[in-house]
Amino acid sequence: MEAMIATPMSTPLGWSSRLGQFLKRFIFSPRWLAILVALVIWQLYADYRDTRLIPAPSRVFTELYGIVASGLFFTELAASMYRIVVGFGVALLVGLLVGILMGSRDSWNDYLKDLVTFGLAMPGLIYALVAVLFFGLSLWAPVTAILATSYPFVAVNIREGVKAISKELLDMGRVYQVKRSKVVLQIILPSLLPFVLAGFRLGFAIAWKVSTLVEVFGAVNGIGWQIRGSFDEFSVHGMLAWALLFGLVMLFIEYGLLLPIERYFGRWRPKVKQVM
Amino acid sequence: MSLVADTSVPASPSTWAGQLAESLRGVFLHRRWITFLVIGVVWQVTAMIANIGLFPTPATVIAVSWQYVITGLFFSELGISMIRIILGFSAALLLGTIVGILMGSWRFWDEFFQDFVILGLSMPALIYALLCVMVFGLGLTAPVMAIILGAYPFVAVNIREGVKSIDKELLDMSHVYAVDRWRLVRQLILPSLLPFILAAIRVGFTVAWKISVLTEVFGGDSGIGYQIRVDFASFKMRGVLAWGILFGMVMLTIEYGLLLPAERHFARWRAKVKEVI
């Protein structure tokens, strides 16, 4: 939503009236109506079915508040985050390497294309199950599963990025005998960066989901493990509370952190593909 | 590395036999086989050195996959999963198209649905699978509902982009020239929407397929997901891997053999078709 006030250059308004406009748009946005409608339908359906399996929204929010207030949420989030950061760090490295190889040499593209395609098509579930069977409860299980699932997404993006580097600029750099470091810093890196960030964003979302799956099948802490616990206790309200928290963290990381960074570094490009 | 029979610059032999031989050579002498060979050998050797029951050799995994295929188990389970996926995905497609058209046409509906669609995109399929299994039990409702919930946002986002990309000037022009409504829909709206619908089907179907398997893992008495669960529960790693490979093959066949060609065919008039691999 912040983008709404940052873009209109044509209206030279003071920051206070722009803020006023933004607040007005925000407060009168139809989104609140949508949330209200959803809550009412949910409440009515819960009253109508009247079973423990369909909890009223108030019950879910009390549970959610309890999880956050007791600090349980933060310890579990930290446990999950640790796995994701280690696993995704490795996946990013491998993806970068594979992507650069595939983008710059046709022969490597031929060697690795099938592997990457197959990696994109296999469900995270298989990797999660195999990793849990093989490595048990150790850190290796989530790291391997995350590596296997998310490196293809990074690699595909990097490959496109390497291919998109302007050959003419490189040729010109050679003709004018531009220093190697300058070529890397001023031609290669700037045109690669948006693709690296896109790969980072996509891969991270995948890593996060697979890590949760691994925790469901073999872990003793983490958000996935909590979801599994709620499932085993038939506590729908617990699961919904954890799911909502999970969604909120994802949204925060994606729209609050990664997407703005991506837009910032891609701002010199004429078209940054924008899916919501 | 002189195996480069890649058909990038074919010498174009005149006879059909020569062309056939040329393309066959292109397939069989392709570099990709080196990768498979290297991976197969490394895997086989590691498994033989490790020599624990848990870590199967590629030969075992392929033998198990073959077993599943020739006993017919694979096809019967695939059929069961497919029915669930097709039912659920049809409903998701319908819902997603309606939401997407609303979001693309009116600003009000765009803001109305935006939060739900974004939240839906970022929630893991696992949540929908577990939730629907708990609420709807073992019947057909659980996978169908999980697929609808998980796949409709992907459809909606694509359709929304499609509606937004319809050329406003062409619409204005047909308005000025009083083109009748039917012709407008058939010759302007549908053709520019079609590539987006097909992209929506492709992405949404992949998601639907994965959610369906997850649902079967947690609450099903049949289907591919259930079989994966059975093998996992009995620590049969070769079984899990075999199902994974079969699953991947089916996905690849549907995506690259069916959906992507259809998408390319209908989008061929467009200047740039985004091509990821």
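1. Axes are taken here as lines fitted to C-alpha atoms, for helices over the stretch in contact, with angles running from 0 to 180 degrees between N-to-C directions. The model is predicted, local features need pLDDT of at least 70, side-chain atom pairs count only at pLDDT 80 or more, and totals for chains, interfaces and linings use all residues. Residues are numbered from 1 along each chain as its sequence is written, while chains are lettered from A and ligands numbered from 1 in the order in which they are written.

2. In chain A, the axes of α7(A) and α8(A) (residues 140-164) come within 8 Å and cross at roughly 150°, helices being DSSP runs (H or I, at least four residues) numbered from the N terminus. That makes α7(A) roughly antiparallel to α8(A), a term for angles over 145 degrees. By class, this contact has nine nonpolar, three polar and no charged residues, where Ala, Val, Leu, Ile, Met, Phe, Trp, Tyr, Cys and Pro count as nonpolar, Asp, Glu, Lys and Arg as charged, and the others, Gly among them, as polar.

3. In chain B, the axes of α9(B) (residues 181-218) and α10(B) (residues 224-233) come within 7 Å and cross at roughly 50°.

4. Between the chains, 44 residues of chain A are in contact with 45 residues of chain B, contact requiring C-beta atoms, placed from the backbone, to lie within 7 Å. On the side of chain A that touches chain B, α6(A) gives the largest share, eleven residues, and the residues of that side divide into 33 nonpolar, five polar and six charged.

Definitions and conventions: Helices (H or I, at least four residues) and strands (E, at least two) are DSSP runs, numbered from the N terminus. Two residues are in contact if their C-beta atoms, placed from the backbone, lie within 7 Å. Angles under 35 degrees count as roughly parallel, over 145 as roughly antiparallel, 65 to 115 as roughly perpendicular and the rest as oblique.
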